[in-house]
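Please read the numbered points alongside the sequence and the model.

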Amino acid sequence: MTHVTGSAPRREDTPQHPEFEAAVAGGALTSEGPGSQHRYRNLILGAIGILLFAMAMLTSYSSAFGNPTPNNVHLAVAGNAETIVALEQQGSLDLTVVSSEAKARAAVLDREVDGAVVLPTAGKNAVVTTYIASGAGRGLGQAVSGIGGSIAQRLKATSTTTDLAPLPQKDPVGSIEFYAILFAGLGAALGATVFGRILGTVDTSTKFVERSIVLVLYTGALAGLITLWIDAALGAVTVNPGAVFAVLWLTGMAIGGAVTGVAALGGTIAALLTTLALVILGNTSSGGPLGIHLLNDFFQALYYVFPQGDSLDLLRSVQYFDGAAISGPIIRLAIWAVAGILMTLIAMLIRNRREAAAQLRGGDHPSADHPSADYLQATASPASHPEQAALDKPAEVTR
């Protein structure tokens, strides 16, 4: 009689289907997976979603930047009173009358106005002097210059234009700083969403501190890489690179913190929707290289809703205006960051209260003296599942 002793196959030792490995997190990446069970339905829904996103991007960017027109342009004017009265009749202009040419220049440099026009007394040698600031938006500077030129033509005077905040030679359009803000915000939003999936829900103070540290370090690295690229590679930084880095870091913290808070309250889908809104509406409402006052009323209103406009204005103030008018953008960006913190803390408080209430009801976490605890202990014993015990017990084969 021969006795052969071996172990019966366990259910967990059974090899998985190779396509299943590709479908699970952390599995092999040599396949795209088994696909969806409802292939054509999900294919149509996915295609519709992507098409809607593409059309939303096209609609937003073309509506904002496709036909730039002066709208609520803020000008400082000095000089001939009759001409000033005529200018006040134009609905696209918001005029501030100053007493001298020096004050008109100062208003532009302090970012109190978008430009300035000094109007002469009528005469043969009359000259209309226009002050612009291309650093506040190249398109806006051209628009202000055009306004000054049209006034000079009407008065039959000579027109001169002086750029008080010119753009650097390596960024003559002013697009690099716009893209720096765009990708700082996009990288922060996507990073906050991905970190939520990797690190899990913020439901304890330890996880809150962990997520905060991760976000601070990540946005710092993101801001540092962007600053290094636009400074060393593109030569578009006109001041101390540390100041540009600080603006980009604050941008990342504001947007990343807000998305983290939205994800804590509404989950990953809410965070992705917030990111889409930031990309589709936030970037366009900043004015981009054109300037905010070349956008229509809709996008000008959104300027105060999304943070990218404040970030871009803050970067321009640092780059071209010696830090003038930076308090407003900093305060509004800080509000975004604080709002994210508050949303995260509120979500953590709500979740903890729900768990505490569940414990009191005994529905989720039975204690040792709870009647269901004995039942769970009994059902966990091998003796309560003889078929499982038979699978785990070494088999004996007799011949």
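This is a predicted model: local features need pLDDT of at least 70, side-chain atom pairs count only at pLDDT 80 or more; totals for chains, interfaces and linings use all residues.

Which residue of β5 stands opposite V117?

1. The residue in question is T130, which faces V117 from β5.

2. On the pairing of β4 with β2, the sense is parallel: strand β2 (residues 73-79) and strand β4 (residues 115-119) are linked over five bridges. Within this pairing, A76 stands opposite A116 of β4, and G79 has L119 of β4 as its bridge partner.

3. These strands belong to an open sheet of five strands, ordered β3-β2-β4-β5-β6, in which the pairing is mixed. The edge positions are taken by β3 (93-97) and β6 (158-163); each has a single partner strand, so one side of each is left without a neighbour in the sheet. On average, neighbouring strands of the sheet are turned by 25 degrees against each other, direction ignored.

4. Helix α5 (residues 138-155) packs on this sheet and touches β2, β3, β4, β5 (127-132) and β6. The direction of α5 makes about 170 degrees with that of β5.

5. The cover over β4 deserves attention, since five of its five residues are buried. From β4, G115, V117 and L119 point one way, whereas A116 and V118 point the other way. In a regular strand, side chains alternate between the two faces of the sheet. Residues pointing in either direction from β4 are buried.

6. Is K156 buried or exposed? K156 counts as exposed because its relative accessibility is 73%, and the cut-off for that class is over 50%. K156 lies in the loop between α5 and β6. The C-alpha atoms of K156 and A126 are separated by 8.1 Å, although the two residues are 30 residues apart along the chain.

7. A separate feature is a nonpolar patch on the surface, formed by L265, V338, I341, L342, L345, I346 and I350. Together these residues have about 580 Å² of accessible area. Helix α11 (residues 327-361) gives the most to the patch, with six residues.

How values were computed
Residues are numbered from 1 along each chain as its sequence is written. Side-chain values use heavy atoms; hydrogens and water are left out. Patches are made of residues with over 30% relative accessible area and no salt bridge: like charges are joined within 9 Å, nonpolar side chains (Val, Leu, Ile, Met, Phe, Trp, Tyr) within 5 Å. Accessible areas come from the Shrake-Rupley method with a 1.4 Å probe; for residues, only the protein chains shown count as cover. A salt bridge is a side-chain nitrogen of Lys or Arg within 4 Å of a carboxyl oxygen of Asp or Glu. Helices (H or I, at least four residues) and strands (E, at least two) are DSSP runs, numbered from the N terminus. Two strands pair if DSSP finds at least two bridges between them. Axes are lines fitted to C-alpha atoms, for helices over the stretch in contact, and angles run from 0 to 180 degrees between N-to-C directions. Contact means heavy atoms within 4.5 Å. Buried means under 20% relative accessible area, exposed over 50%, partly exposed in between (1.4 Å probe, protein chains only).
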